[in-house]
Amino acid sequence: METKEKCREIAAEMVRLAKSDFEYVRVFLTASEEREVEVRDGKPENSSFSESVSMVIVVSRDGRTASASGSDISPDGRKFLVSSVQELIKVVEPDPWYIIPEKEMIGSAGKKLDPVDYEGYESRTVEQLLEEAMDLEKRAVSIDKRLISGGATVSASRLTGAFACSFDFSEGFEGTDFSMGISLTVDDEAGDSTNVGRKQRNGWSTTAVHLHDLESRVDVARKAVSRTLGQLGSRKPPTGEFEIIFDSTSSRSFFAALSQAVSGTNLYRGESFLLDAVGESIASNLLSIREDPFLPRGIGSRLFDLDGVRAMSFPVVERGVLKNYLLGVYAAHRLGMKPNGCAGGSSNFVVEPGNGSLDDLVRETSRGILVTGLMGQGADIRTGDYSRGAEGFLIENGEILYPVSEFTISGTFSEMLKGIDRIAADARPDFSVLAPAVRFRKMVVAGS
Amino acid sequence: MLKNGIPFSREDAARVFSGIRKGTFSDIFLQYRVSTSVRIEDGILKSSTRSVSAGAGIRVVDGESTGYSFCESFEPGDVVRAAGFAQAIAASGKFGVQAAGGRRIFPGNYYSQKIPLIKTAVDERAKLARRVLDGAKGFSPLIDRVTVNMTDTEDQILIFNSLGEWGMDVRPMVTLSVSARASRGENFQFGRSGIGMRMGFEVFDRVESPESIGRKAAKQALTMLDARPAPAGAMPVVLAAGESGVLIHESVGHPLEADFIWKKASAYTGRVGEQVASPLCTVVDDGTIPSNRGALGFDDELTPTKRSVLIENGILKGFMNDRITAETLKLERSGNGRRESFQDPPIPRMRATFMSEGKSSPEEIISEVKRGVYCVAFAGGQVNIASGDFVFVPSEAYLIENGRITAPIKNLTLIGNGPDALTRVDRVGNDFKLSTGTWICGKGQSVPVGIGLPTVRISRLTVGGAANGD
């Protein structure tokens with residue numbers, strides 16, 4: 001695999017090759033290597049070990065833009081990409097909003113991200129991965145004899161890459177990524193007569209930039225088992241209004257959608273419910289969110305964005321008030337704002353923790369549903385409508401009564417954001433959206 | 001660009017196989033994919049992109065274990081190296097190569113390109129995309145934003161396996177999607193439409209004109225301007241012909257993929273021969289429908305595709321399998337082994353999955369409903385394989401009141417349980433229709449699929465809207 005420095009050289013060379021034909025050229029190159037094994041029932045089932053490369057070139061001239069991408073980074077491959085953009089740019093029309101970034105913005109933020117654990121990576125031989133996957137699976141299925149393994153997966157990958165542009169700027173980056181998880185199935189004898197063959201399947205996984213930051217195999221096994229067995233005998237809740245708690249997994253998907261709604265590309269296209277909302281109160285004053293590209297060992301941490309603009313940390317929501325959108329160069333220009341290093345979206349979208357645990361939230365809920373899983377595409381950030389399938393647990397007077405499934409929760413993003421009345425402090429660092437469990441005051445549940 | 005096909009010979013394949021010491025089966029999947037995209041936004045042709053993806057994936061199977069690796073080149077030396085990684089987990093097995101002689105597998109003739117994709121100039125694409133824009137804009141002055149994306153892809157495929165079989169195929173695909181926004185005051189609504197078929201650019205003459213695709217998106221956006229919040233609770237649901245095939249894809253399609261059966265994760269495990277749906281339901285997965293998005297001359301393991309009956313008159317007949325699951329579960333191979341690209345091993349996937357036609361007229365089906373929901377277009381769906389719970393998300397739906405379709409409704413998700421919902425199918429229409437939409441199925445890997453359905457009624461399904469007590 002190419003080193004970070006080699007990637008930088010190739011990207012810079014590519015810019016030199018195309019530079020004279022265009023006003024502005026930028027190149028983004030990534031090279032990755034991945035090792036993954038999956039075991040099931042004590043036997044290796046899948047392994048993969050691969051390297052790949054991808055290079056994208058974006059060129060512009062007279063307000064016209066074209067791009068090409070490919071995996072062939074040999075001199076011939078590079079020439080082909082350049083000849084492709086030369087052909088494509090002829091049919092593109094000038095875009096009156098096109099803008100070349102200001103040279104001063106381009107660069108790399110001077111921060112330490114601690115993005116690689118090469119020692120950990122080198123220790124991940126196929127034999128080691130297999131041994132750990134087998135061990136994880138054994139630990140999980142031995143907890144309860146009804147459990148069937150759906151497969152335990154352990155993987156490691158590393159990435160290098162570089163950005164280069166016409167301002168004679170080029171910079172590399174690198175990272176490692178480790179993960180481990182298991183899925184489990186159990187026969188579910190409950191359920192009504194027409195629902196034959198029902199099973200419950202669930203699991204747990206952990207991801208980290210440094211090997212030793214992964215959750216332990218004991219914890220992963222325990223959580224996977226508890227999530228799988230917890231849903232046994234689930235039934236539909238009654239239709240009506242409930243307090244709704246999202247555990248950190250469900251909360252993450254909600255806030256990931258919110259990060260899309262504040263991203264410049266969706267905004268300038270008019271495809272967000274948060275158009276022209278900077279400075280407005282969009283959420284409960286309990287809610288604060290910041291964009292933080294500099295979290296050490298953060299999954300989404302970076303020093304510059306896809307435009308090569310220096311990364312920066314800033315508030316997105318402060319005590320319920322929308323402070324900033326996430327902007328790349330083009331979207332910022334369209335919206336009459338300044339780019340803030342978010343071409344391609346958020347780096348780490350960090351919801352400020354409240355206090356207490358998920359259990360505390362449940363204890364403080366009189367009649368509600370704890371949502372532990374969500375399904376479907378019903379979170380529409382364009383209109384702000386929200387309606388999704390869900391599963392979880394019915395709560396009464398601070399106690400979990402029974403597991404529930406096959407129901408939907410509905411409302412709008414705005415009502416949900418304003419209705420947040422409790423935030424826990426249990427966000428997981430395993431993802432680039434760091435979201436703790438939250439409670440929404442009231443949502444419509446459709447069940448039986 | 002490749003002029004004379006993928007430069008990899010049977011001798012090259014034999015060399016790769018001769019280096020494999022362990023395992024019982026191996027195959028090499030070589031792919032050269034060229035995609036060209038154009039995008040219209042703000043009324044101008046704003047960007048154009050070309051992407052080339054080329055490489056070879058190699059798999060070494062040892063009983064139930066699979067080792068996989070790939071390289072992004074066609075150099076035999078690189079493929080040999082990848083083969084070394086792929087056999088790393090193979091424990092034993094005596095590897096047998098039968099490359100001598102060789103048997104060529106010819107793909108079924110289910111698609112072609114009358115107007116070839118690769119040879120068409122980029123500005124022809126621009127003209128087609130602009131006609132979509134004209135169709136949408138011209139429909140109503142309330143349409144204030146239109147985005148058109150068109151991508152055409154030609155996939156050259158070359159496969160060799162250690163049984164001495166080999167074959168090549170060229171798979172075209174045109175995918176066009178349009179999003180239109182309608183505005184009235186502070187009320188914005190969106191409509192979407194598109195077309196996705198295995199054809200050349202003649203698709204726009206033969207299947208649907210660009211203007212018509214644009215108008216459809218505009219019409220949907222305008223309809224939704226007047227939509228009111230959907231009701232919440234259990235009620236009858238009528239699914240319009242065509243796109244509602246999402247129901248079949250999610251509720252029974254995924255749970256009948258043989259890998260879930262093998263892992264005993266599917267609610268249909270061990271139930272062949274049982275009544276699993278209403279006797280009105282016959283469900284088919286077919287890889288041979290001409291020009292369909294899910295058509296394949298052979299699958300990604302050289303297995304010829306066919307029409308596979310999954311459920312017949314409500315009785316479970318079989319599963320969709322790939323080579324490994326067919327062997328392990330002792331099933332006849334169905335030709336459902338598919339992969340997203342050379343970077344991925346094949347797994348059981350759907351092709352074009354649909355419910356066959358029934359006898360009722362659509363008007364009659366609707367007229368019998370006192371209060372329910374009528375769904376026309378869909379944003380997508382999802383299923384929990386194990387419990388059978390599935391959702392599907394309408395993007396265009398209406399209330400049915402006293403046997404008549406009345407107001408459009410918005411913001412709803414339908415949720416049901418596959419084995420349960422299919423027993424509640426109480427009317428199947430005589431108006432079967434395949435969707436021509438841009439359906440992509442994601443199961444770790446993304447592949448294009450086809451869906452279809454006649455008008456179908458489910459006597460009771462949970463409708464998740466926000467209008468409680470409505």
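Reader: How do strand 11 and strand 12 of chain B run, parallel or antiparallel?

Author: First, this is a predicted model, where local features need pLDDT of at least 70, side-chain atom pairs count only at pLDDT 80 or more, and totals for chains, interfaces and linings use all residues. Residues are numbered from 1 along each chain as its sequence is written, chains are lettered from A and ligands numbered from 1 in the order in which they are written, and side-chain values use heavy atoms, with hydrogens and water left out. Strands are DSSP runs of E with at least two residues, helices are runs of H or I with at least four, and both are numbered from the N terminus; two strands pair if DSSP finds at least two bridges between them. Strand 11 (residues 307-312) of chain B has two bridges to strand 12 of chain B, and the two run antiparallel.

Reader: Which are the edge strands of the open sheet in chain B?

Author: That sheet has six strands in the order 12-11-10-15-24-21, with mixed pairing. An edge strand pairs on one side only, which here goes for strand 12 (315-316) and strand 21 (433-434) of chain B.

Reader: Where two chains meet, which residue is the bridge partner of A:Thr65 in strand 2 of chain B?

Author: Strand 3 (residues 64-70) of chain A and strand 2 (residues 44-62) of chain B run parallel, joined by six bridges. In that strand of chain B, A:Thr65 is partnered by B:Ser47.

Reader: What is the area buried between chain A and chain B?

Author: The contact (heavy atoms within 4.5 Å) takes 79 residues from chain A and 78 residues from chain B. Buried area is the accessible area (1.4 Å probe) lost by two parts on being put together, summed over both. Carbon and sulfur atoms give 51% of it, and the total is about 6,300 Å².

Reader: How many salt bridges are there between chain A and chain B?

Author: A salt bridge needs a side-chain nitrogen of Lys or Arg within 4 Å of a carboxyl oxygen of Asp or Glu. One pair is A:Glu87 with B:Arg50, at 3.0 Å, N to O. Between chain A and chain B the count is ten.

Reader: Why does the salt bridge of B:Arg457 and B:Asp426 tie together parts of chain B, and how far apart in sequence are they?

Author: The closest N and O atoms of B:Arg457 and B:Asp426 are 2.9 Å apart. B:Arg457 is buried (under 20% relative accessible area, with exposed over 50% and partly exposed in between; 1.4 Å probe, protein chains only) at 7%, and B:Asp426 is partly exposed at 26%. B:Arg457 lies in strand 25 (residues 456-464) of chain B and B:Asp426 in strand 20 (residues 425-428) of chain B, so the parts tied together are apart in sequence by 31 residues.
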